[in-house]
Amino acid sequence: MAEHEHVRVAVVGSGFGGLGAAVRLRREGITDFVVLERADSVGGTWRDNSYPGCACDVPSHLYSFSFAPNPDWPRTFSGQRHIRAYLEHVTDTFRLRPHLRFNSEVKKMTWDAERLRWAVETSSGSLTADVVVSATGPLSDPKVPDIPGLDTFPGEVFHSARWDHDLDLRGKRVAMVGTGASAIQIVPSIQPEVGRLTLFQRTPPWVMPRVDRPVSGFERALHRNLPFTTQLRRGLLWGIRELQVQAFTKHPGELGFVEQLAKRNMARAIKDPALRAKLTPDYRIGCKRILLSNDYYPALAQPNVDVVASGLSEVRGSVLVAADGTETEADVVVFGTGFHVTDMPIAERVVGADGRTLAETWKGGMEALRGASAAGFPNWMTIIGPNTGLGNSSMILMIESQLNYLADYLRQLDVLGGRVALDARPDAVTAWNHRVQERMKRTVWKTGGCTSWYLDASGRNTTIWPGTTAEFRRATRRVDLAEYEVLRPAVTRTSGKAAETEAAV
Ligand SMILES: Cc1cc2nc3c(=O)[nH]c(=O)nc-3n(C[C@H](O)[C@H](O)[C@H](O)COP(=O)(O)OP(=O)(O)OC[C@H]3O[C@@H](n4cnc5c(N)ncnc54)[C@H](O)[C@@H]3O)c2cc1C
């Protein structure tokens, strides 16, 4: 990185969010930007999660950029390898490579109130930027629980997002800790080859069948030759999910019949009543993410699988002890225990106008205006920020809404002209979050009787958007300047000379 480098925009992260931001910047005619990425390739989630069976759980034709439709998705729910290849393809198609800075982990971003710019320190050097777009991902920093005695375990231990591909699991005794979206893809993929598989389940998930199949040659040819058919397919997939939102957000009672379908899905594969009892959730479906799988339950019914209906609480050498006292010997432990979502590590590294970090500002819970701007952090915007997550549809829809907001934000800065910054007004942030949390009260995520990674330590849901993606699209179409303070270097007269200090106008 060149010394004293200054860019108009520094994007952090090169997953769907960061790459989408880069495409949007170029389309807005902005080429003076960099994409800082700690790894050595693009892809984010789809680079880091290469565990056996990893695939999206939203159909591919919806889980992709609207501006980069892919007629050649091989399956309705494509696997990690194909999604990663898609992101590489997007990078090439939109000529993003010159902007990418790999092996550049952002260590600190500090707002320089005098010069109205961000000072960004990375593992490969420093730079300054007028605007920072933080796209570090809600699910990018793996979370491994602090289990007493884990350091005494003599075998291999790794997180699902850091799969050890050099390890041969054939014939091994493997313990899978967790029953989230990753675990239910891993379990059926490794069950046939491992000697014994023990699943530590704190809470059973609701699992629905997955309508997954290869996309036929005819369909692909149709999409290639008549591009509107891809849009049509995408539109249908989107519309179905939009119609489901009311049940999640306003009428959770209506989800009862979906529970019946999920129970039937389980009953088809699990004949043992004791195992069925262990696997039956005691909370409303949708409260935690609804998982999709056709082979999870059949795998759990196999003779080499044990389900321990209790969390892992202690490790004594090669013996794993569950909270209910069950002891299991294992050679390998795989943690499918999720990510730092409501306590994102990047927040520790962003220092705002008053010298406080974003993590300090958010210690009572994450909040940002329209999911993007935090008060006291001028010209800093996050992609997939607080309350932008979805329980039932594609995150790419939310990312693209945030890109509209980003584009308008940059246009507003241009219109205002000169050296200028926008800082979200605290009252606007509070009002936005009040509205979000009011709507949250009736949702299944609050009333469904579960705890989930959607909730922060105080039980507040700071991750999920309690509405339709269309509502979010409307809310992020334009930047409302009334919600921001405009910061300019102020001119103060001292003995006839002009000196600049920051001021809000
Ligand atoms: C296994 C799995 C399956 C999923 N399936 C779906 C699905 O089917 N549908 C759906 O809608 N969503 C799904 N998601 C959610 C998914 O995370 C989002 O859809 C989307 O990929 C997020 O993109 P992103 O760019 O915001 O974050 P990421 O893809 O996580 O990218 C963030 C990038 O930022 C980089 N980074 C982080 N910190 C720093 C730093 N300090 N300095 C420099 N670089 C940094 C990371 O290395 C990474 O490359 C899934 C998530 C996982 C983990």
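Keep in mind as you look around that the model is predicted. Where the two touch, domain 1 supplies 26 residues and domain 2 supplies 26 residues. On the domain 1 side, helix H13 (residues 444-447) gives the most, with 3 residues. Sorted by class, that side of domain 1 has 9 nonpolar, 13 polar and 4 charged residues.

Now step back to the whole chain. It holds 14 helices and 21 strands, and its C-alpha trace spans about 85 × 55 × 45 Å along the principal axes. How does the radius of gyration compare with that of a compact globule? For 505 residues such a globule would have a value near 23 Å, and the chain has 24 Å, which agrees. Buried residues make up 45% of the 505 residues. Among contacts between residues at least 6 apart in sequence, 71% join residues at least 24 apart.

| Helix | Residues | End-to-end C-alpha distance | Expected span |
|---|---|---|---|
| H7 (256-269) | 14 residues | 21 Å | 20 Å |

Let's start with H1. Is this helix enclosed or open to the outside? Of its 12 residues, 10 are buried, so H1 is largely enclosed by the rest of the structure. The buried residues include Phe 16, Leu 19, Val 23, Arg 24 and Leu 25. Their cover includes strand S1 (5-12), strand S2 (33-36), helix H3 (80-93), strand S6 (125-134) and helix H11 (395-416). After H1 comes Gly 29, whose phi is positive, near 85°.

Helix H7 gives another picture. Here Ala 262, Asn 265 and Met 266 are buried. Seen down the axis of H7, the buried residues fall within an arc of 95°, so they line one face of the helix. What covers the buried residues of H7 includes strand S10 (207-208), helix H8 (273-279) and helix H9 (296-300). Which residues sit on the face of H7 turned away from its buried side? That face carries the exposed residues Gly 256, Phe 257, Gln 260, Leu 261, Arg 264 and Arg 268.

Methods: Residues numbered from 1 in each chain as written. Predicted model: local features only at pLDDT ≥ 70, side-chain atom pairs only at ≥ 80, totals over all residues. Helix = DSSP H or I, 4+ residues; strand = E, 2+ residues; numbered from the N terminus. Expected span 1.5 Å × (residues − 1). Buried ≥ 20, exposed ≤ 12 C-beta atoms within 10 Å, placed from the backbone. Arc of directions from axis to C-beta. Contact = placed C-beta atoms within 7 Å. Rg over C-alpha atoms; globule rule 2.2 N^0.38 Å. Nonpolar A, V, L, I, M, F, W, Y, C, P; charged D, E, K, R; others polar.
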